[in-house]
Amino acid sequence: MLIILALVALAAGLTALTRVRSLSGEVQALRQEVTALREAAAMLEAPVSAASPVTEVTQPPEEQATLAQPLATDETTPAEIAPQTPPGFATAEGDAARLPARLRPTEAEIGDRIFAGIGTPATASADQQAVERAARGEPVPRPEAAAIDAPQPRKAQTLESTLGARWAVWVGGLALALGGIFMVKYSIDAGLLSPAVRLALAALFGLLLIGAGEIVRRRAVPAIAAEFENAMIPGILTAAGAVTLFGTTYAAYGLYGFLGAGTTFATLALVSFLTLALSLLHGQALAGLGLVAAMATPALVTSENPSAAILFGYLSVTLVAALAASRLRRWTVAPAIANIGMGLWALFYLAVAEPVDPLMVSLPLLLVVAAMAFLWPGAASETEPAEPVSTNGVSRTLSAGERLFAPPFVAVAITATLAVLLPALFIAGLAEGSGSDALEWLARSGANLTAFAALTIALAMAGALRPGLAVAAPAALIAAIGGMTVLTSAGLLLIGVTVFAGVSPDVFLPPGPGPWTVTGTGMALSAIFLFIGGLVQRRFAEPRPDFATLWAVLMALAPAALTTLTFVALGTYSVDWPHGLFALAAAITLVGLAELRSRIGGKGTDTAIFWMLAGATYLVILALHALTDGLATTIGIALAGALFVAGTRLRAWRALPWAMVATSLAVAVRILFDPTIVGPEHLSTTPVFNQLLAGYGVPALLLALAAFELRRWPEMRVVQVIQALASLFVLLTIAILVRHGLTGGVLDSRTPTLGEQSIYTLLAIGASAVFLRLDLKAPSPVFRIGGMLVGCLSMLSVLSAHLFGLNPYFTGERLGSLPVIDLLFIGYLLPAAGYVLLAREARNRRPEPYVAALAVTGAVLAFTWATLSVRRFWQGETIPDWKGILQGEMYTYSVVWLLLGVILLLVGLRLRSRVVRIASAVLVFLSVAKVFLFDMAQLEGFLRALSFIGLGAVLIGIGLFYQRILSRMSDEEPAAPPADSAEEQKNADA
């Protein structure tokens, strides 16, 4: 009884709603007719006059009388009487009536002229499309000509419209669906009807809802469709009916067992496809519901003998149907749901199936790629997106990234790409998974490897086919690098198990693809990326330079990354001909493609060529590591960089000099890992002329020649970097040769002696001076900043090594037998002289604080030399601190310090250097402090008196000297003018 009442109430409500929709439709039709008549009236005069211009003719009297008579009308049809035309207005009928019979147009001609431009095939087709879109509940475009009488643009939604027009429809649809379910449940709980009857009534209720949705759709009003397109009642009714049918079918299978697995699967699929078909009439929301139901159907129906072919065949049909419908209606959400569903089912199959058939899962994934490229979005992805509007309301130009990775319908492309990418990585992992039989697993892993490569290539091809599918291109590179990482890391895992666990790796990981198979796969993928990238350069360099540049980056990264993975994991480190030759061939190919792109030209050419040459440089370095070893590798890398610089004579590519920078950094990294270049056991002990001279000197020489060759290169930044690298390698060459010679041909981590450190300090001083001279001849920030940096580093080394770490007073190192030309002379006096000369050279050419620091460093070293020389005079060749201080030695310190202070004072006055004079004052102050604090306590008798007498005499002499100098300077200065004369001078200047 309740069911009957519910059906009656539903029928009554639908009847009332249909009547309201019918009346609204009639009103809308009348408004459209009025609009068409107004357009015809506006266009009446021009078509008639243009079609048959009227000339002045002499008419016979009878014709004039005929024209003067009123038109005959039927009095029984007053509604058809033509309205009177106001004075001053003309009508087509009036003009035609006044014409002679031989000039009077026919009714067909009058109609064509009146409706010229209205009712044409294009317009009629547009009107028909508008009616059909309104019937489906989709938005209806409003004609511009009918802007007056057409419904106004959609207004902002209020709480009333949201609750009354939208939420009511949504909740009502949900209530209807739940009502069908609750009726079945109530009948079950009450035991009123048999299960078969209950299911039949529920199915009938679902069909009635779908039919009601179709009835309402046929009488839909375009205005309502446009205003409430996401809350259309026909779509809600149809969705409720579909849910009811879906639940009824599953209840017949899961609760009562009325249907078998096959029948249930077919019925659920039929309901899902019916829902998807009806979505063409009711909108995308219903399509999403149908797709969710279709993708969930295989999970709801279990089978004792599941078939992957049936599963993926069904999913493939669902995918194609969804994308075809989306292509017709230009949907985004529905195809994204279909792609996600296919990807999730593929991952589920790969995770639980045993054994996995890679062909069965790869074919539908390849279908996903093909559907994305050719069905949907396909060519629609190349539609130019609308220009975005900035915050101030002004449209702005789309960036290259927005054009590439945010085209129309990008959500469809992204979901399709992810649906293929993740299973492809999973399949690559299966190629190295577990198994029991080695031979069987070799075949299976080979099939998995083939499937992985096919999916990766398919993504790359799709990403190269259309710029709107550019998101698939980097995904293909990620798939290639990720899959090859999995394959190569498996070999490293086997080695780790063998080395650290001490067990046979066959116990844990049976053999997968052989090393040559994995290596060949990586090389094949690299070659395909190069080939596809070359095609993209030829096809899209001019129309879409941003897309061509993206592929220039990808085809430079792909061979570099993949070849590195296989070489590191599976290659031979001594000499590996396959990897070396392939890397060299790939580098040559990239250079050739750079030449091709250079000839095509266009926007973004420099960036594309830069990436191609960067990849070529890396591949050349990799090839040299694979084909050579030791010294040959180091020299070969430096020569390769020089060849790139030589190429600047043929092509003005800005990436060529940077290739020299890259190769130099590669040489520096090799030196960092192995300073001996050839290994400690192969390094010759011959001073200077050994492998170090070639390993360090040849790169330094080539860098210097490159800097000279590029002296007129327009981009000075790279020239300055090469200059800096050349200077660094020259210093390294000299330092390493000194180290090698002083350590007896052995390069190890032993602490350098004071003599060795002194040589390094002198080299730094000399390098700073050379940089200063070079900057004067060819001004460059590298020479200016580099010279100052070297000088600062050397001063820090003096502070840490000369004064403390390697000081003979603390280390006890022997000074040598000669009294003056000894270790103190090399370690302190020569560097002191070097710093003084460098300060003099840098004066007025470098910042004053830097020059003052150089001078102070020289003075400190000279003071240290004098102090330690006094100790050597009294203590001998060894001057450690544990020997104590003699009284004569203590007095001599005072004398030497005062003498050194006087000398610095004279030099400061001579050079007019205030810094040197301040250093002199510091030494004198130290002498005074020493005499009063130490000599008074430790000296006795004659030496104590002599110390104070000498100090006093020196201080009085310095004071007298300063008085004379200051008085002379005051006499030489001009006297200040009086106030009046100063004021007069100021006025004169003004």
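Phe265, Phe273 and Tyr314 form one aromatic cluster in the structure before you, which is a predicted model. That cluster opens my topic today, the aromatic contacts.

Consider, among them, the pair of phenylalanine 540 and phenylalanine 547. Their ring centres lie 5.0 Å apart and their planes meet at 90°, so the arrangement is edge-to-face; the cut-off for that class is over 60 degrees. Are these two residues buried or exposed? Phenylalanine 540 has a relative accessible area of 7% and is therefore buried, since buried means under 20%. Phenylalanine 547, with a relative accessible area of 0%, is likewise buried.

A second pair has another geometry. Phenylalanine 771 and phenylalanine 783 are stacked, with 6.2 Å from centre to centre and 20° between the planes. Where in the chain do phenylalanine 771 and phenylalanine 783 lie? Phenylalanine 771 belongs to helix α28, residues 754–777, while phenylalanine 783 belongs to helix α29, residues 781–805. The two residues are twelve apart in the chain, and their pairing links the two helices. As for accessibility, phenylalanine 771 stands at 7% and so counts as buried; phenylalanine 783 stands at 8% and so counts as buried too.

I close with a contact between a charge and a ring. Which ring does the charged end of arginine 711 sit over? Arginine 711 places its charged end over the ring of phenylalanine 708, at 4.0 Å from the ring centre.

Conventions. Residues are numbered from 1 along each chain as its sequence is written. This is a predicted model: local features need pLDDT of at least 70, side-chain atom pairs count only at pLDDT 80 or more; totals for chains, interfaces and linings use all residues. Side-chain values use heavy atoms; hydrogens and water are left out. Rings of Phe, Tyr and Trp (its six-membered ring) pair if their centres lie within 6.5 Å; planes under 30 degrees apart count as stacked, over 60 as edge-to-face and the rest as tilted. Buried means under 20% relative accessible area, exposed over 50%, partly exposed in between (1.4 Å probe, protein chains only). Helices (H or I, at least four residues) and strands (E, at least two) are DSSP runs, numbered from the N terminus. A charge sits over a ring if NZ of Lys or CZ of Arg is within 6 Å of the ring centre and within 35 degrees of the ring normal.
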